[in-house]
Amino acid sequence: MLRYVIKRLLILIPVFLCIAVILFGVAKMMPGDPVRAMLPSNLKHDQYQMAYDAMYRRLGLDKSIPEQFFAWFFNMLRGEFGWSSMNNRPVIDVIAEPMRNTVILNIGVIFLQLLIAIPVGIRCAVKRMSVFDNAWQVFSLIFWSMPSFFLSLCFLYLFSIHLGWLPFGGMPSSVTLSGWAYFFAWIRHMVLPATVLALISIAYTIRIVRNSMIDALNQDYIRTARAKGLKEKTVIYSHAFRNALIPISTVVVFTIFSLFSGSPVTESVFAWHGIGRMLIQAVMMRDTMLIVTLNAFFAVISLVAVLVADIVYGLVDPRVRLS
Amino acid sequence: MKKLVIAILAISLALGSASGALAQTDANTLVLGLPAMNGDWIHGFGNSSYDNFVKVMLHDYMDTVTYTPAGEYLVNPTVVEDYTVETDEAGNKTYTWKLHEDLLWSDGSQITAQDYVFWLMYFSSPAWVEAGASNGSAGYGLVGYEAWNSGDADVFAGVKLIDEFTFSMTIDAKELPYFYEITYSGASPAPKAVYAPNCEIVSDENGAKVVAKDFVYEPPSDELIAAMAYFGYDTDPANLEAAAVATANKAALLAALQKVAETERFAPTISSGPYKFVSFENQSVFLEINEFFKGNYEGKKPSIQFIEQRFVPQDMDVDMLIAGEIDATTGEVQGDKIEKAKAAENVHAHSYLRAGYGHFSMHCDFGPTMDANVRWAMGYLIDRNAVVDYVLGGYGGITQAEYGFAQWMYEEAGAELEELLTPFNLNIDKANEHLDMTEWLFEADGVTPFDASKADAEGTYLRHNAAGEVLALNHLGTVDNPITDIIEIQYMANAPLAGLKFSVTRGDFNALLDNFYYGYDLGEDRQYHTFNLAVNFTPAFDPYFSSWHSDFIGSWENSNQLSDPQLDELIMAMRSLDPTQKDEFVEIWLQYQVRWQQLLPQVPLYSNEYFDLISTRVSGFNTTPFATYARIICDITKDAE
């Protein structure tokens, strides 16, 4: 196992290097002058060139492209991700707060998703074609196919504009609130975006769990287990569910790693200051270093998630040989 | 299972709506709902209007010269105890400011003349630009500004620190007379003790300089001097010491300002205005009242304990205002939102005319728009009333030249101006008349005369010049911009009727600024002739610095690259008046507007009527074209209910 993990980790290095080259290349090919975008607008003509030259050197653009790449790459490994032109400050300072907000929001989403979707999916499989199953299938179809912005706007209209129960969006403040009031303010602001995201995730996960369980329940060993007179709960949870775990574990692993990935549409609609909304803003404002850093980060997260999923396969299914 | 699902959903909603209906904003906090802010809280960084509200409330109330909400400049009596104005033999004019001794920073420490001199010096220094900031116009017009600003001199000759509460500023004779002379004498305080504890201000008859505190010069060793002499360097001990001191002074100021750019810029620890900075988190900035603030120019102090500027999505701000989540939103222009707010019982609207306008802007040094007749044709190919109706829901007007309805000159001579100018709107025949005076007179063969009656809406019959080149204009607008939409709709329909091919490209705002301001620098990559943007005028209307003087051809400052000797002459005549010659200023301004319209570098499309939408709990929110809510914050009050 250890040898397998080390081998996979070593493979990740050239993969990440390739991704880094592609990201850097795309960033360099983006139109526009990054220095010009960062300069203040009211410089007088004779001051402009001085400021331009200073910023050009500061960004390291006076060096060759390979030098720029390696400088950027090794700086990135040291945690220095460059300068955000949109915010005019280091990228690392810009992403910390939205990353925290996205993780907090996603914890709520994942909690709801796993708590609801797995038991419901199992029950749907066991009670296949029942009213319970059909009802959840309809639910699943509706929310999986519904665009998140539409669902968000429906919720906003219903709970904020019409009923006036929940905030329109945004984030709570620690200046005017503290203690439990601050905690409940967070919950109040989170409810709508978290519910929208959770409903969509639940809809998707229920289908995965249900289908995996139906496959498992149709296997001969389930018939054998039942013939042996085992309790139905034992058949379902010890025999069927364990064998359905591979696809489910994939969903669970990727769900957990999605903690760090924002939801651009939902965060934008609810003005949630998260990483997804920031990515949209960065793209709109052509903030190259911020876009590259976020994409590099998402790439690393994806690579690690794939590795963890593979390891989990070996753990949940002895037939999978990691070697 | 059902119980579990129902329980989770119920708990979520119950927790979320624990307090029932939405709470109203706190009585001690004024909550503004605004678009996103950048988070730059000191001057010199960023150009967001919403960040600027905060900068004004933190830093802009202790200026020696300020202006009223009506845009009238005056010496700030809260700051200035006394002042004198003297003119020397060379014609330089010196303003000597004696400050009140009871001005305090937000930490309770005293504001002194040294803080004003430090502001003038650091804000115009090359070190400030090197730290990543812009130095705007601080110190501009003073004696020795160019030398200090470029780094050629280590002393600012036009600035002198006289005593703890007195300093002087000398305006260069070559800048005088100047109609807005008083603006050259304006200065703000900067907290030298916080920004540059490693520096000192030293002043003598030659001017003021920033020196490194505690710097001790150590002469080079004899071996080094010998080596320097060998290579031909100056080894005069006095010169060596002077060079070392100058280097140390520059390095000390740069180090201090870089620290300011990395820290104070994002979280100011000290301020002189009515509020002090508390925090910027999750796109909301909080300010708290500055108990040491002496008052605005009328001596008024603010009454609301906290100010919160909160990011809200712009399509929801009015709903949030009606729901009581925010107290006000400013600068609204969309008719449907204004109507909705007006219909709400708990909201009132305050409107004012814009001191500026939105425009269809044309580069005058590139392609067909080099010809004023082509530019005039563009003026006749758009229905500007439709722009006002479509975009502003009728809340706005149309100007005929470079002015805003709220400018004092317009208030004094608006009727006369409108008589002098040529009103223009959609008129295909007029557009063809102007194009018939250009080189675009032929069909595709470059020989057969163009016949306007054959032109159609599909654009199958276009104007060409003798070389067979088609008359075509490329427009650059921005995405999700209703002005770009209406420009596309109107010109795509009307331009072909005058034999003109018009195409629209949409990019992001940075691309627009790149191509508009720096088009002259794009060489072969240059492709756009026209753009849509907007302009706002400051109380000091000086077109020398706003696009039109030929001194700035080949720089972004003359963004349309318009060069016209007659316009130059009028601009200089206007600015070279004595401040007392108000009538003469208006007279030349009228001539200027007429000439500007003849050249028509921009087609003014609309001049908005802005609306501030405000909760009925808030009073005194009487903004003007020149005074945002931040400038009148001392007049604003809020009720508990």
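Domain bounds, as used here, come from an automatic or database domain assignment. The structure is a predicted model. For chain A, the assignment gives two parts: domain 1 covers residues 2-91, and domain 2 covers residues 92-316.

Consider how these two parts of chain A sit relative to each other. Their C-alpha centres lie 33 Å apart. The two domains also touch: 26 residues of domain 1 of chain A are in contact with 21 residues of domain 2 of chain A. On the domain 1 side, the elements that give two or more residues are α1 (2-29), α2 (34-38), β1 (83-84) and β2 (89-90) of chain A. Of this side, α1(A) supplies the largest share, with 10 residues. What classes of residue make up the side of domain 1 of chain A that touches domain 2 of chain A? This side has 18 nonpolar, 6 polar and 2 charged residues.

Chain B is divided into domain 1 (29-40 + 271-353 + 610-638), domain 2 (62-259) and domain 3 (356-609). Between domain 1 of chain B and domain 2 of chain B, the centres, taken over C-alpha atoms, are separated by 35 Å. Their contact takes 15 residues from domain 1 of chain B and 18 residues from domain 2 of chain B. The side of domain 1 of chain B that touches domain 2 of chain B consists of 5 nonpolar, 7 polar and 3 charged residues.

In β15(B), both faces are covered. On one side, B:Gly356, B:Gly358, B:Phe360 and B:Met362 are buried; on the other, B:Tyr357, B:His359 and B:Ser361 are buried as well.

Which strands pair with β15(B)? One partner is β19 of chain B (residues 530-536), which runs antiparallel to β15(B) and is joined to it by 7 bridges. Within this pairing, B:Gly358 has B:Ala534 as its bridge partner. Another partner is β20 of chain B (residues 602-615), also in the antiparallel sense, over 4 bridges. Here B:Ser361 stands opposite B:Gln602.

How values were computed. Residues numbered from 1 in each chain as written. Chains lettered and ligands numbered in written order. Predicted model: local features only at pLDDT ≥ 70, side-chain atom pairs only at ≥ 80, totals over all residues. Buried ≥ 20, exposed ≤ 12 C-beta atoms within 10 Å, placed from the backbone. Pairing = 2+ DSSP bridges. Contact = placed C-beta atoms within 7 Å. Nonpolar A, V, L, I, M, F, W, Y, C, P; charged D, E, K, R; others polar.
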